[in-house]
Amino acid sequence: MSDDQEFMLRALELAARGRGWVEPNPLVGCVVVQAGEIVGEGWHRRYGGPHAEIEALSSSGERARGAVVYVTLEPCCHEGKTGPCTKALIEAGVAGVVVGCQDPNPVVAGRGLAELHAAGIEVRTGVLTEQAHQLIAPFAKLTSTGKPWVTAKWAMTLDGKLASRTGNSQWISGEASRAVVHRLRGEVDAIVVGRGTVEADDPLLTARPPGPRTAARVVLDRLASLSVDSQLAQTLAEGPVLVVVASDAPADRIERLTSLGIEVLKVEGKSEASRMDFLLAEMGRRQWTHVMVEGGAHVLGTLLDLNAIDEIHAFIAPKLIGGVESLGPTAGKGLAQMADAVELNSVEVEVLEGDVYIHGRVARDACQES
């Protein structure tokens, strides 16, 4: 590994510490290097707080003059909640800036690099670019498409069942797997389930212990039939609940939910797919960067049919329950040919107290990601 890669890798590690804290801003990390030694570090710690470059320059002080700065994302060159990082780098007198990837935000999009170059600072790109892109993938998707990054999560038996033929599913996976799910819940903007999942499991859908974010708990409930006695309806103090209904949902049922403090959102569209697409766009308008869908099979199948899933976290328990009526993790229309199957990249496999935990990102062409 080259020195450039080593320093950028450290910046990437720092950036990841902001996950769940900085959204809808991107994760960014930065190190300041003087004569081959790191003299300052920083990362974007929270939304509205100092950017990574400002943190790193502050920690390095005068040692930043003449130094080379490694930053995972192109420095911003515009006024936002904080001042432009390009100006801070120029005023600090740095000699060079090495950037992991260009900012997809059209407000920046190369302008930051150009401003640094015009000030006489040596600018280099192309160091661990793929890893830098992966780090900001949710931000990039929201910026380019107006829709959030969608993570699909499920636990299933070794024979591919989400629940028994009676609908019972507690618990398929073990405690270690469930702890990972709670960590993931604490890092996203919303957790989405269908009405059937709520009826079968009466879940809380909270992160325990709490994480950096308190996710909105979203129920896809076409006719607004969520029970007012459900755990979701009775725990509004622990996090907001959004019930997504069709335009023909009964008014009295909507009133019953809103009187409790539950938000009800009417979505347009005659099919599940069109309503889901409308909902994803609405989530983007709310600046929700990352949402996690926990089921059931029909919801996950609809997203799969829409090619809207970006990341998958699957927990496979060493159990068999059988049953032709027992659902697998995804329903929907499905694909006709195995050659068209959705494939994952960046796949990691872990064993958690007997459960096999597989997570990865959906492989897409560059044109699909734009």
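**Loops, cores and ring pairs**

Student: Where is the place of L205?

Tutor: L205 sits in the loop between α8 (195-201) and β8 (216-220). Keep in mind that this is a predicted model.

Student: Which other residue has a positive phi although it is not a glycine?

Tutor: A109, with a phi of about 40°. You'll find A109 in the loop between β4 (96-101) and α4 (111-118). With a relative accessible area of 33%, A109 is partly exposed.

Student: What about cis peptide bonds, say the one at W171?

Tutor: That one joins Q170 and W171, with omega about 0°. W171 belongs to the loop between β6 and α7 (175-185). The bond from G295 to G296 is also cis, its omega being near 0°, and G296 is in the loop between β11 (290-293) and α12.

Student: Changing topic: which residues touch the most other members of the largest nonpolar core?

Tutor: M8, V32, L57, V94 and V97, in a core of 40 residues. Helix α1 (residues 3-16) gives this core its largest share, 6 residues.

Student: And what does L57 touch?

Tutor: Leaving out residues up to four places away in sequence, L57 touches V32, A64, A88, L89, A92 and V94. There is also a second, separate core of 31 residues, with M156, V218, M283 and A314 among them.

Student: How many aromatic pairs does a search of the whole structure find?

Tutor: It turns up 2. One is F7 with Y70: the ring centres are 5.2 Å apart and the planes are at 55°, so the pair is tilted. F7 is in helix α1 and Y70 in strand β3 (residues 68-73), so far as sequence goes 63 residues apart. F7 is buried at 9% relative accessible area, and Y70 is buried at 4%.

Student: Why is the pair of F315 and Y357 stacked?

Tutor: Because the planes are at 5°, with the ring centres 4.5 Å apart; planes under 30 degrees apart count as stacked. F315 lies in strand β12 (residues 311-317) and Y357 in strand β14 (residues 355-362), so the pair ties together parts 42 residues apart in sequence. F315 is buried at 1%, and Y357 at 3%.

Student: Which ring does the charged end of R45 sit over?

Tutor: The ring of W43, 3.8 Å from its centre. R285, in turn, lies over the face of F278, 5.8 Å from the ring centre.

Student: Last one: which side chains have a polar contact with D310, such as the one of 2.7 Å?

Tutor: The 2.7 Å contact is with the side chain of K141, and the side chain of R364 makes another at 3.1 Å. D310 is in the loop between α12 (297-305) and β12, and it counts as buried at 3% relative accessibility.

Student: Which residues are buried in helix α6 (residues 137-145)?

Tutor: K141 is one of them, along with A137, P138, F139 and L142. The buried residues of α6 pack against α5 (129-135), β6 (149-157), α11 (272-285) and β14. Just after α6, G146 takes a positive phi of about 75°.

How values were computed:
Residues numbered from 1 in each chain as written. Predicted model: local features only at pLDDT ≥ 70, side-chain atom pairs only at ≥ 80, totals over all residues. Heavy atoms only, no water. Core = buried A, V, L, I, M, F, W, Y, C linked by side-chain atoms within 4.5 Å. Buried < 20%, exposed > 50% of the residue type's maximum accessible area, 1.4 Å probe, protein only. Helix = DSSP H or I, 4+ residues; strand = E, 2+ residues; numbered from the N terminus. Contact = heavy atoms within 4.5 Å. Phe/Tyr/Trp six-rings, centres within 6.5 Å; stacked < 30°, edge-to-face > 60°. Lys NZ or Arg CZ within 6 Å of the ring centre and 35° of its normal. Polar contact = N/O pair within 3.5 Å; in protein donor to acceptor, adjacent residues only side chain to side chain.
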